[in-house]
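Morning, everyone. Please have a look at the structure before I start talking.

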Amino acid sequence: MPAMTRVRVRRAVPGDAEEVLRLRQVMIDSLARSSPATDWHADALPVLRAKLAEPDGPFVAFVVDRPERGGLSALVAGTIEYRIGGAHDPHGTDGYVFSVATDPDARRRGHARACMEALLDWFRERGARRVRLTASAQAEPLYASMGFTRRPDPLLELRL
């Protein structure tokens with residue numbers, strides 16, 4: 001296993017959009033029953049570029065550069081949303097984590113953890129009191145080590 005070195009994380013910018021999509025596809029490809037299709041990238045790219053250009057928007061991505069070959073080696077993306085407050089969080093500000101991906105040959109170097117820490121700081125700065133994510137079995141130990149706990153959430157979905 002490679003030695004751990006200090007990981008430099010930065011906020012993704014519009015010029016990173018193609019690499020962000022590539023890493024999102026790495027994550028998608030790792031999921032059971034995922035589609036290997038990439039034709040959607042052309043439609044997603046201009047939207048992603050615009051979102052990455054919003055400095056105060058509700059979406060953010062943190063990345064780790066890969067200087068030895070160019071591009072990125074890791075990605076964590078998330079959004080912050082307002083939900084009507086409740087007893088446990090009267091402010092109703094939630095963070096959502098998605099698209100956590102590291103290139104296979106760059107794993108086990110702390111990249112995902114460093115990106116997650118940057119995202120959690122970003123959520124804290126914006127008043128989030130709860131952060132949610134869906135984890136693969138492979139990634140769950142990382143999240144558990146960061147304090148995430150499993151919830152019995154009866155999630156339903158409707159595609160429009």
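This is a predicted model: local features need pLDDT of at least 70, side-chain atom pairs count only at pLDDT 80 or more; totals for chains, interfaces and linings use all residues.

Numbering starts from 1 along each chain as its sequence is written, and side-chain values use heavy atoms, without hydrogens or water.

The fold first. The protein has 4 helices and 5 strands; these are DSSP runs, H or I of at least four residues for helices, E of at least two for strands, numbered from the N terminus. From that end, the order is β-α-α-β-β-β-α-β-α.

Next, burial. Of the 160 residues, 38% count as buried. Buried means under 20% relative accessible area, exposed over 50%, partly exposed in between, with a 1.4 Å probe and protein chains only. The C-alpha atoms fill a box of roughly 50 × 40 × 35 Å along the principal axes.

Now the rings. How many aromatic pairs are there? The count is 3. The rule takes rings of Phe, Tyr and Trp (its six-membered ring) with centres within 6.5 Å; planes under 30 degrees apart are stacked, over 60 edge-to-face, the rest tilted.

Take phenylalanine 59 and phenylalanine 98. Their ring centres are 6.2 Å apart and their planes sit at 25 degrees, so the pair is stacked. Phenylalanine 59 lies in strand E2 (residues 59-65) and phenylalanine 98 in strand E4 (residues 93-102), so to speak distant parts of the chain, 39 residues apart.

Buried or partly exposed? Phenylalanine 59 is buried, at 13% relative accessible area. Phenylalanine 98 is partly exposed, at 32%.
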